[in-house]
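Hi there,

Here is the structure I promised to pass on. Have a look at it first, then read my notes below.

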Amino acid sequence: MTRELSRSGLLAEQLTLHGKRVVLRPIEPGDYDFILNLSTSSRITYRWRTRGTTPSPPDFQVMLWRGVLCQFLIERAGDGEPLGLISAYNADFRNQTVYLAILMRDHRGGAIWTFDAIVLFLNYLFANFNLRKIYAETSELSSWTFASGAGRYFEVEGTLREHEYYGGRYWDTYVLAFWRESCEALLEKLLPTLVATPRTGPPPRRRTGTESPGTAPRDTE
Amino acid sequence: MLTRDHLMEAIFDLIDHPLDDRTRTLSWTELGVDSVTATELLIHLEDVLHEVDARGIEAALSLSATPDELAARLAGLGGTR
């Protein structure tokens, strides 16, 4: 019997969390300190969910999973160094939407790793869930870092004027949308360039609780 | 193998900015290169510089503040002649 796959089906067949430069893997108990430290760091807290607050570690763990559909730790592919967190939250299956958020360490290579992680995650979300579009909220403060993607990778669908206070003034918040159809066309083109080539040899050794997070990453599939 | 001039032309073509002696030493931010354009540039460089290891290209891009610096680093990796 011949089997014909739609573009969605073809992309689902290429589903991977292992990119050339970054790997997405499930969160483990040992990751909470890294995520808490990152999200409360002075350069990041104002633009992430903590917004300047410092929740207690137990409260932080609850907050981290509240409303979450799925989320992964982002690691550097070469050495397993933790880079950040990518999450899908507030899923609305009646209207087939979800929100995406990403938290990344400031690093010279951060811009490229962010792009790679988002591409892998979008493919994961569209393959696993019957979503029409994926929203992301971003502040005017950081939108300049990816402004050239508007109209090509995502649409700017809304502006909340002077929505958020930081540094003595109110800043706009933008609602971005990744539509399935336009994303799938892009993913078809981008995935082969961002995904790691299949490995040969034995599977990577699984990390134990006594090792540092800087050990080799592993496939999560 | 690409010449350094051809590489510079390819970079400026991709970032959609006029190339001259002044612009080749401007910072990426001044040239309007953001995270999306930087990633597109990386993908393009990996595509045209077959002789250079992809991790070397990524490191060269991450460490370079200007197109001139990037071209010099890629030449050092044997990406151009």
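Let's start with a loop: Gln96(A) sits between strand S3 (82–92) and strand S4 (97–104) of chain A. (Strands, at least two residues of E, and helices, at least four of H or I, are DSSP runs numbered from the N terminus.) Phi of Gln96(A) is near 60°, a positive value in a residue other than glycine. Gln96(A) counts as partly exposed because it has 14 C-beta neighbours inside 10 Å; buried would take 20 or more other C-beta atoms within 10 Å, and exposed 12 or fewer, with C-beta atoms placed from the backbone.

Before you go on: this is a predicted model, where local features need pLDDT of at least 70 and side-chain atom pairs pLDDT 80 or more, while totals for chains, interfaces and linings use all residues. Residues are numbered from 1 along each chain as written, with chains lettered from A and ligands numbered from 1 in written order.

Now the sheet. Seven strands of chain A make an open, mixed sheet in the order S1-S2-S3-S4-S5-S7-S6 (strands pair if DSSP finds at least two bridges between them). S1 (22–25) and S6 (155–166) of chain A are at the edges with a single partner strand each, so one side of each has no neighbour in the sheet.

S6(A) pairs with S7 (residues 169–179) of chain A in the antiparallel sense, over eight bridges. Tyr166(A) has Arg169(A) in S7(A) as its bridge partner.

S6 of chain A also holds Glu162(A), whose phi is near 40°, again positive in a residue other than glycine. Glu162(A) counts as exposed, because it has 12 C-beta neighbours inside 10 Å.

Cheers
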